[in-house]
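Here is a short briefing on one protein chain. Look at the sequence and the structure first, then read the points below.

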Amino acid sequence: MTMTETTTASIRQLLQELTDAWNDSDATRYAAAFTEDADYITYFGLRMHGRKEIEDGHRQLFRLPIKLQSGGTEHVEVKPLTDSAALVIAAGGSAVNGQTDPARNSVITLTAVDTRDGWRFASFQNTRVSDPGADR
């Protein structure tokens, strides 16, 4: 299945809007990128269900000095699942008080769905990047 360039660009733009909302500490705008019944799983396994929980959880989080590193959307893979759904895989990282730390790097997987309000994310999973062999 292929998606049009316009559709792929719309999904990439939604991901950029998500990053911008995070960096602006705007929990309402951040949550607006998700469907009303979205599932959101943090890197430490906390599950938030629905746009309201996502907004409330991020309102608290945005009080901390954490900003996302903006690598643009060149490290984003959009894989069509149907004409109205896609798997999105992106590299992520963050800085605390302006200091980056490779231990904070993540792989983010999202499910983008085409809704009557445009593309939104129905799921989000954040997994920290690690080297399993490093513990041996």
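A residue counts as buried when its relative accessible area is under 20%, and as exposed when that area is over 50%. Anything in between is partly exposed. Phe34 has a relative accessible area of 0%, so Phe34 is buried. Keep in mind that this is a predicted model.

**Strand S1 and its two partners**

- S1 covers residues 34–41, and S9 covers residues 118–128.
- These two strands pair in the parallel sense, over four bridges.
- Across this pairing, Phe34 stands opposite Phe121 in S9.
- S1 also pairs with S2 (residues 47–49). Here the strands run antiparallel, joined by three bridges.
- Tyr40 stands opposite Met48 in S2.
- Ile41 has Arg47 of S2 as its bridge partner.
- S1 and S2 form a hairpin with five residues between the strands. In this hairpin, Gly45 takes a positive phi near 95°.

- S4 and S5 run antiparallel and are joined by six bridges.
- They form a hairpin with two residues between them.
- Thr82 stands opposite Ala85 in S5.
- S5 pairs with S8 as well, in the antiparallel sense, over eight bridges.

**Aromatic rings**

- How many aromatic pairs does a search of the whole structure find? It finds ten.
- Tyr30 and Phe34 form a tilted pair. Their centres are 5.8 Å apart, with 50° between the planes.
- Both Tyr30 and Phe34 are buried.
- Phe34 and Phe121 also form a tilted pair. The distance is 6.1 Å centre to centre, and the planes make 55°.
- This second pair links distant parts of the chain. Phe34 is in S1 and Phe121 is in S9, 87 residues apart.
- Is Phe121 buried or exposed? Its relative accessible area is 0%, so Phe121 is buried.
- One aromatic cluster is formed by Trp22, Tyr30, Phe34, Tyr40, Phe62, Phe121 and Phe124.
- A charge meets a ring too: the charged end of Arg128 sits over the ring of Tyr43, 3.6 Å from its centre.

**Salt bridges**

- A search of the whole structure finds eight salt bridges.
- Arg47 and Asp39 meet in a salt bridge through their side chains, at 2.5 Å from N to O.
- Arg47 has a relative accessible area of 52%, so Arg47 is exposed. Asp39 is at 23% relative accessibility, so Asp39 counts as partly exposed.
- The side chains of Arg29 and Asp26 form another salt bridge, at 3.6 Å from N to O.
- Arg29 is partly exposed, with a relative accessible area of 36%. Asp26 is partly exposed too, at 25%.
- Glu77 and Lys79 are also joined by a side-chain salt bridge, at 3.8 Å from N to O.
- Both count as partly exposed: Glu77 has a relative accessible area of 38%, and Lys79 has one of 39%.
- Lys52, Glu55, Asp56 and Arg59 belong to one network, joined by salt bridges that share partners.

- Start with Phe34. It stands opposite Phe121 in S9, and the two rings form a tilted aromatic pair.
- Then find Arg47. It is the bridge partner of Ile41, and its side chain meets that of Asp39 in a salt bridge.

Conventions. Residues are numbered from 1 along each chain as its sequence is written. This is a predicted model: local features need pLDDT of at least 70, side-chain atom pairs count only at pLDDT 80 or more; totals for chains, interfaces and linings use all residues. Side-chain values use heavy atoms; hydrogens and water are left out. Two strands pair if DSSP finds at least two bridges between them. Rings of Phe, Tyr and Trp (its six-membered ring) pair if their centres lie within 6.5 Å; planes under 30 degrees apart count as stacked, over 60 as edge-to-face and the rest as tilted. Buried means under 20% relative accessible area, exposed over 50%, partly exposed in between (1.4 Å probe, protein chains only). A charge sits over a ring if NZ of Lys or CZ of Arg is within 6 Å of the ring centre and within 35 degrees of the ring normal. A salt bridge is a side-chain nitrogen of Lys or Arg within 4 Å of a carboxyl oxygen of Asp or Glu.
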